[in-house]
Amino acid sequence: MVEDPSSAALRTALGQVRSEVAKAVVGQDAAVTGLVIALLCRGHVLLEGVPGVAKTLLVRSLSAALALDTKRVQFTPDLMPGDVTGSLVYDARTAQFSFREGPVFTNLLLADEINRTPPKTQASLLEAMEERQVSVDGLARPLPDPFIVIATQNPVEYEGTYPLPEAQLDRFLLKLLLPLPAQDEEVEVLARHAAGFDPRDLAAAGLRPAADAGVLAQARAQVARVQVSRDVLGYITAVARATRQSPSLSLGVSPRGATALLATSRAWAWLQGRTYVTPDDVKALAHPTLRHRVALRAEAELEGVTAESVLDSVLSAVPVPR
């Protein structure tokens, strides 16, 4: 398959997006790449990291580099579904109800500390995430395109939190881990702040749009043409099925998870400049695509087994097609 000549230009534009984000966010290259893959796949992302590792800044920087609209919702125990999706408001002048859009009507919705709100409010996002619409008073209201939810959660603070149910976790395309920065990266963060960097003023940091929704739409069309052989499809299926048979897991990867791994592998292959998917592409995206779709047995957890180690075992055990 001959690559479309425009692919290189599109990849260059998305590479410049990463460079623009780097003007505000030090390190976290893997997370930036993951967010770009999510946008190419129109999938949602769960960001996990301790407070202070620039999760919010990362999303704001990405939206600025792509000229996309972004809104942030701080999820709290008293947040109501209508606070996210919008609600009907009575207008006394016209004696009629009108719909007031909630913050979900945006391109990048930052759902901050999503596990701090009760399941009822968490569930209000499910229709938006799956159908890309909000139904109020019997009317379906479409959301903008692109639309992705980028939810954050703190991995160490469990008091007053409501763990996301498996059905909702499965709707996140990727779970990205934001680690603490290395020492030299942390020094660079301090140096930027000492030089006057203001995270609330990204324009002053020199951050400019490098691409837009049109570029993303063209790139998505290119990703959809990336070829996947029957052998690679069989490999993805075998990886998913192996998780269901793991003695350490009470819940393996669903068919939706296998489909997600197919999508992210295609996007990664395209970003690498290829028109076909290899087993190495599948391996590269297996952890971020599948780590939140498996559930450990209690006894395995007590023995120190992690989702990451189970996935490592599965990837080393499943035969790789030649």
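Leu178 is buried, with a relative accessible area of 4%, where buried means under 20%, exposed over 50% and partly exposed in between, for a 1.4 Å probe and protein chains only. This is a predicted model, in which local features need pLDDT of at least 70 and side-chain atom pairs count only at pLDDT 80 or more, while totals for chains, interfaces and linings use all residues. Residues are numbered from 1 along each chain as its sequence is written, and side-chain values use heavy atoms, with hydrogens and water left out.

Leu178 sits in the loop between strand E9 (172–177) and helix H7 (183–194); helices (H or I, at least four residues) and strands (E, at least two) are DSSP runs, numbered from the N terminus. Beyond its neighbours within four places in sequence, Leu178 has contacts, meaning heavy atoms within 4.5 Å, with residues including Gln28, Ala31, Leu47 and Val53. Gln28 lies 150 residues from Leu178 in sequence, yet their C-alpha atoms are 6.8 Å apart.

In helix H13 (residues 307–317), the buried residues are Ala307, Val310, Leu311, Val314 and Leu315. They lie on the same side of H13, because they cover an arc of only 135° around the axis, the arc being that of the directions from the helix axis to the C-beta atoms. Among the elements that cover these buried residues are helix H9 (230–244) and helix H11 (279–290), whereas the face of H13 turned away from the buried side carries the exposed residues Ser316 and Ala317.

Elsewhere, Phe97 in strand E4 (residues 96–101) is exposed, with a relative accessible area of 58%.
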